Amino acid sequence: MPKKINKTKRRKSLKSKIPDKKYKELIQKKKKKSISKNQNKILESELNKKYCKCIKTLKKKYPKKSSTYKGKFGICMNSVYKNRGFEPPYNVSNLCKLYYSF
């Protein structure tokens, strides 16, 4: 019987892969609803990275008992998705496991 090998998945980078100018263009296109599927996919991954980075910084910056630490998911949801006028994806915080461990 062959031995089972456990492979660990490599974490994805939280760094932005597109320039700031292109990012802002994609946001404008999504607001006008004239965005292609590929562009939308790129934008969603960038928004997700920003959301996860926000959670990670709030986790490190504040002690566990503070109200900011406890409300980190809502704070980041508002700053990344709601303030840009987008509907946040369902269970978006679960995707942060790809970028760092909770």
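A disulfide is a pair of cysteine sulfur atoms within 2.5 Å. The legends below describe a predicted model, in which local features need pLDDT of at least 70 and side-chain atom pairs count only at pLDDT 80 or more, while totals for chains, interfaces and linings use all residues. Residues are numbered from 1 along each chain as its sequence is written, and side-chain values use heavy atoms, with hydrogens and water left out.

**Figure 1. The disulfide of Cys 54 and Cys 76.** The sulfur atoms of Cys 54 and Cys 76 are 2.1 Å apart and form a disulfide. This pair links distant parts of the chain, with Cys 54 in helix H2 and Cys 76 in helix H4, 22 residues apart. Helices (H or I, at least four residues) and strands (E, at least two) are DSSP runs, numbered from the N terminus. The torsion about the S-S bond is -80°, and the link of Cys 54 and Cys 76 is left-handed. Both cysteines, Cys 54 and Cys 76, are buried. Here buried means under 20% relative accessible area, exposed means over 50%, and partly exposed lies in between (1.4 Å probe, protein chains only).

**Figure 2. The disulfide of Cys 52 and Cys 96.** Cys 52 and Cys 96 are joined by a disulfide with an S to S distance of 2.1 Å. The bond connects distant parts of the chain: Cys 52 belongs to helix H2 (residues 37-61), whereas Cys 96 is in the segment after helix H4 (72-80), and the two cysteines are 44 residues apart. Because the torsion about the S-S bond of Cys 52 and Cys 96 is about -90°, this disulfide is left-handed. Cys 52 is buried, at 0% relative accessibility, and Cys 96 is buried with a relative accessible area of 0%. The count of disulfides comes to two. When bonded cysteines are counted along the chain, the disulfides follow the pattern 1-4, 2-3.

**Figure 3. The salt bridge of Lys 30 and Glu 44.** Side chains of opposite charge can pair when their charged atoms come close. A salt bridge is a side-chain nitrogen of Lys or Arg within 4 Å of a carboxyl oxygen of Asp or Glu. Lys 30 and Glu 44 form such a pair, with their closest N and O atoms 2.7 Å apart.

Figure 4. Three salt bridges are counted in the model. In one of them, the closest N and O atoms of Lys 24 and Asp 20 are 3.7 Å apart. Both residues, Lys 24 and Asp 20, lie in helix H1 (residues 20-32), four residues apart, which is about one turn of the helix. Asp 20 is partly exposed, at 49% relative accessibility. Another salt bridge brings together the side chains of Glu 46 and Lys 49, at 3.7 Å from N to O. Glu 46 and Lys 49 are three residues apart in helix H2, so about one helical turn separates them. Glu 46 is buried at 3% relative accessibility, and Lys 49 is buried at 8%.

**Figure 5. The packing of helices H1 and H2.** Two packed helices are described by the angle between their axes and the distance between the axes. Axes are lines fitted to C-alpha atoms, for helices over the stretch in contact, and angles run from 0 to 180 degrees between N-to-C directions. The axes of H1 and H2 come within 10 Å and cross at roughly 115°. H1 is therefore roughly perpendicular to H2; angles under 35 degrees count as roughly parallel, over 145 as roughly antiparallel, 65 to 115 as roughly perpendicular, and the rest as oblique. Contact means heavy atoms within 4.5 Å. Among the residues that meet are Tyr 23, Leu 26 and Ile 27 in H1, and Ile 42, Leu 43 and Leu 47 in H2.

Figure 6. Asn 48 is found in helix H2 and is buried, at 7% relative accessibility. Not counting residues up to four places away in sequence, Asn 48 touches Tyr 81, Val 92, Leu 95 and Tyr 99. Lys 41 also lies in helix H2, but Lys 41 is exposed, with a relative accessible area of 63%. The C-alpha atoms of Lys 41 and Lys 21 are separated by 17 Å, and these residues are 20 residues apart along the chain.
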